[in-house]
Amino acid sequence: MCGIVGAVAQRDVSQILLEGLSRLEYRGYDSAGIAVIDNGKLRRIRTVGKVRELASEVNKTVLPGGTGIAHTRWATHGVPSVANAHPHVSGDIAVVHNGIIENYAEIKDKLVGEGFSFESDTDTEVLVKLVDYYLRTEKDLLSAVKTAVRELKGAYGAAFINTKEPGHLVLIRSGSPVVIGVGLGENFVASDPLALMPVTHRFIYLEEGDIADISRFDISIWDSQGNKTERTTINSDYVSVGDASKGKYHHFMEKEIYEQSVVIPDTLEGRVNNGCFLPDSFGARATELFKKTEHVKIVACGTSFHAGMIAKSWIEEYVGITADVEIASEYRYRKTVVQPDTLFITISQSGETADTLAALRLSKNQGYLGSLAICNVPESSIVRESEMVFLTRAGREIGVASTKAFTTQLVALLLFTGSIGKVKNRIDSETERVMVSSVERIPEYINEVLKQDNGIVKISLDFVNKRNALFLGRGVMCPVAMEGALKLKEISYIHAESYAAGELKHGPLALIDSEMPVIVIAPRNDLLEKLRSNIQEVRARGGVLYVFASDNCGFQDAGNMKIISLPTVPDVISPIIYTVPLQLLAYHVAIIKGTDVDQPRNLAKSVTVE
Ligand code: F6R
C-alpha cells in the first residue's frame, strides 16, 4: 500500500528519497512521485509504474535540495495516473499522504466555494488545499496543519513541506503509521522504518493524533490534545533483521518459502523447553488470563484469517473451549455478543492492517478478558496496543503473498493452544511432550517437502492455461485449502476456490470437467477414507486431480490423477507442513505465467486502509 519517505538535510535528498521508495516497493503501488525544495522553488516529478521509472526521470535532470518528500501510491480515489500521483501541491505546499480522507467531498465543496480548483480525483489533494487555505491566516505550515486536521475524518499519515519554510517538514498521524528517522544533523520520515535503513536505525513512532515539526536539529511533537509531548527514540534491530536482498533466489517469495525451516526454529527459541510449553512466553499476565479464559475470539484478515481458522480446530480439539474466528472487516461493523471470559486474539503479519487494528480498538470496550496479538512486526500499532504479544520471528516478509509469516503464525498458535491447554489442565504431560516434539520437527519435515520442488514444477505446467482451480480439504485441512487457493489466485491470477470436500455434492461438483484442476490435500488422518470417496466423486466426472498425499496413503498416479507424495507427519503439525507444497505450486505457476510474483497486480503488502 502507499509509502511515504521524507527528509530534511544539508545534503541533497533526492537519491535518499528514491532509495527509500524502492525499499517500500514490496508494499504494492501503481505510481510514484517526488518533490524537493530547490532554492525556494518546488520541483516535482511524478510517474506511473515502478520507482525505477521515476528514478530515470529524476536522473534526466538535476534535482538538488535538502528538503523533500516522496511517495508510492496505491490507488483508492482516482485511477493510477500522473495527475493522481503524489506529491500533491497547492501554492507553496506539497503533501504525501497514506490513508483515506473520508469527508473529502464535503471539504472539497467548501474549498471550491473559496475559489480553489482541483487537478486530480484524489482525496489527498483536498488535504493540501485545506492546509493552503488555512495558511492564508495562520503564521506557518505547522499552525495551518494543526488547524486543518481538526476538520479531517478518516485515516491519514502525511508529510507536508512549504517552499517558504525550507528545512522543515510537518508530519501527522491518525490511523496510518508514520515514523521519524533520527539522523545526525538531518532527520527523516517514512511510513515504514525499512525505507530509512541506509540512513538511520534510530526511530520515533508517532502515536495516534500526533503532529510533529521536524527540522535538521529539532523534532517537536504535539499529542492529540495539542500538548507538547516526548516520544521514545528506539534503536530498531528489527529493520536490520529482515535481509532486504534476494540472495541466491529469484524472488523474495521463493526465498521466504525456503526460509521457513530457519525462521520456525527462531520462533520456537525460548518458547518451549525440555518437552514443555512455556505459557509465560505470551507475557507476564498470560498464565492468569489463560486460566480464566473460557472462549477465544480470533480476528484477522486474509492469510492471517486462515491461520486463525486452523487455530480454531486446534483450540477446540486440544483445549476443549470454543474458538470463533472472524474476518476483521466484518467484525468491526456488526453487533457482536461477547461471552464472559473471552480472550480476544488478533493475528497480523504487519501489525498495521487497518481492519484488524480497528477491531482490536473496538474490542477494548466490549468486555473481553484481554487482548493477545500474534504479530511479526515488533513496533507495529497492533503490538503496541495489545495487552499480550507473541512475536513471530519470521523476519521481514517482502513478497506480497504471505508464506513464512503464515507458517510462523501457525507455530505461534500451536504454542498458544499448548500453553492454554497446559494452564487449564486440559493437556496431560504426555500429550504436551508429543506436541512439543512434533513442533520441533517441523523444520525437518519442511526440508523434506522442499525436496519435492521439481515434481511440483512439472505439475505447475498443467495449470498455465487453466482459468479456474478448485482446492479441497477436510477438517483442519479446509483452511489449508483456502490458503492454497488464495496463494494461487493472488500471484498467478487464476481464479481459485476452496471447498470442504464434503460439500462437493452440494454444488461445486457441477463445475467439474477436464478444464478444472482439482487440488486435494490428503494427509493420513481420520478423515482420509471420507476424502477418498470425494476424490472418486471427482474422478467419476472426468475431473483432473492433483493429490498432495502422505507417502503412506497408498495413492498412485492413474489417468487423470497425479500424486505429490509428502512425508507422513504427526496430525497436529500437518496443516503447517502441507501448506508448503501449495506455496510452491502457486509460485511455480506464477513463474511460468510470467506474473510479477513479489508484487502482484492490484495488491499491497500492508493494507493500511479499510
Ligand atoms: C495474502 C496476504 C494477505 C494478508 C492480509 C492480512 O498472501 O498476505 O491476505 O494476510 O492482508 O495482513 P496482515 O497479516 O499483515 O494483517
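This is a predicted model: local features need pLDDT of at least 70, side-chain atom pairs count only at pLDDT 80 or more; totals for chains, interfaces and linings use all residues.
Strands β2 and β3 are joined in the antiparallel sense by eight bridges. The two strands form a hairpin with two residues between them, and Asn-39 of this hairpin adopts a positive phi near 50 degrees.

## The eight-stranded sheet

Strands β2 and β3 belong to an open sheet of eight strands, which follow one another in the order β3-β2-β4-β1-β10-β9-β11-β15 with antiparallel pairing. The edges are held by β3 (41-48) and β15 (233-235), each of which pairs on one side only. From one strand to the next, the twist averages 20 degrees.

Within this sheet, strand β1 (residues 3-8) is paired with strand β4 (residues 67-73) through six bridges, again in the antiparallel sense. In that pairing Ala-7 lies opposite Gly-68 of β4. Helix α2 (residues 51-59) packs on the sheet, where the helix touches β2 (31-38), β3 and β4. The direction of α2 makes about 140 degrees with that of β3.

## Helices α1 and α2

Helix α2 also has a helical partner: the axes of α1 (residues 14-23) and α2 come within 10 Å and cross at roughly 170 degrees. Because an angle over 145 degrees counts as roughly antiparallel, α1 is described as roughly antiparallel to α2.

On the α1 side, the contact is formed by Gln-15, Leu-18, Leu-21 and Ser-22. Helix α2 contributes Val-51, Leu-54, Ala-55, Val-58 and Asn-59. Sorted by class, the residues of this contact comprise six nonpolar, three polar and no charged.

## The seven-stranded sheet

A further open sheet has seven strands in the order β5-β6-β7-β8-β12-β13-β14, and its pairing is antiparallel. Strands β5 and β14 (228-229) lie at the edges with a single partner strand each, so one side of each has no neighbour in the sheet.

Strand β6 (residues 93-101) is largely enclosed by the rest of the structure, because nine of its nine residues are buried. Ile-100 has Ala-155 of β7 as its bridge partner. Helix α4 (residues 124-135) lies across β5, β6 and β7, and runs at about 130 degrees to β6.

## Helix α10

Helix α10 (residues 302-319) contains 18 residues. From its first C-alpha to its last, α10 reaches 25 Å, which is close to the 26 Å expected at 1.5 Å a residue. Among its buried residues are Phe-305, His-306, Ile-310, Trp-314, Ile-315 and Tyr-318. Just after the helix, Gly-320 takes a positive phi of about 75 degrees.

## Helix α14 and its packing

Helix α14 (residues 404-423) packs with helix α20 (residues 574-593) at an angle of about 175 degrees, and the axes are 10 Å apart. That angle makes α14 roughly antiparallel to α20. From α14, the contact draws on Phe-406, Thr-407, Leu-410, Val-411 and Leu-414, while α20 supplies Pro-575, Ile-576, Thr-579 and Gln-583. These residues divide into six nonpolar, three polar and no charged.

Leu-415 is also located in α14. With a relative accessible area of 1%, Leu-415 counts as buried, because the cut-off for that class is under 20%. Leaving aside residues up to four places away in sequence, Leu-415 touches Leu-268, Arg-271, Val-272, Phe-277, Phe-282, Phe-390 and Val-439. Leu-415 and Ile-264 are separated by 151 residues in sequence, and their C-alpha atoms are 12 Å apart in space.

Methods:
Residues are numbered from 1 along each chain as its sequence is written. Side-chain values use heavy atoms; hydrogens and water are left out. Axes are lines fitted to C-alpha atoms, for helices over the stretch in contact, and angles run from 0 to 180 degrees between N-to-C directions. Helices (H or I, at least four residues) and strands (E, at least two) are DSSP runs, numbered from the N terminus. Angles under 35 degrees count as roughly parallel, over 145 as roughly antiparallel, 65 to 115 as roughly perpendicular and the rest as oblique. Contact means heavy atoms within 4.5 Å. Ala, Val, Leu, Ile, Met, Phe, Trp, Tyr, Cys and Pro count as nonpolar, Asp, Glu, Lys and Arg as charged, and the others, Gly among them, as polar. The expected span of a helix is 1.5 Å times one less than its number of residues. Buried means under 20% relative accessible area, exposed over 50%, partly exposed in between (1.4 Å probe, protein chains only). Two strands pair if DSSP finds at least two bridges between them.
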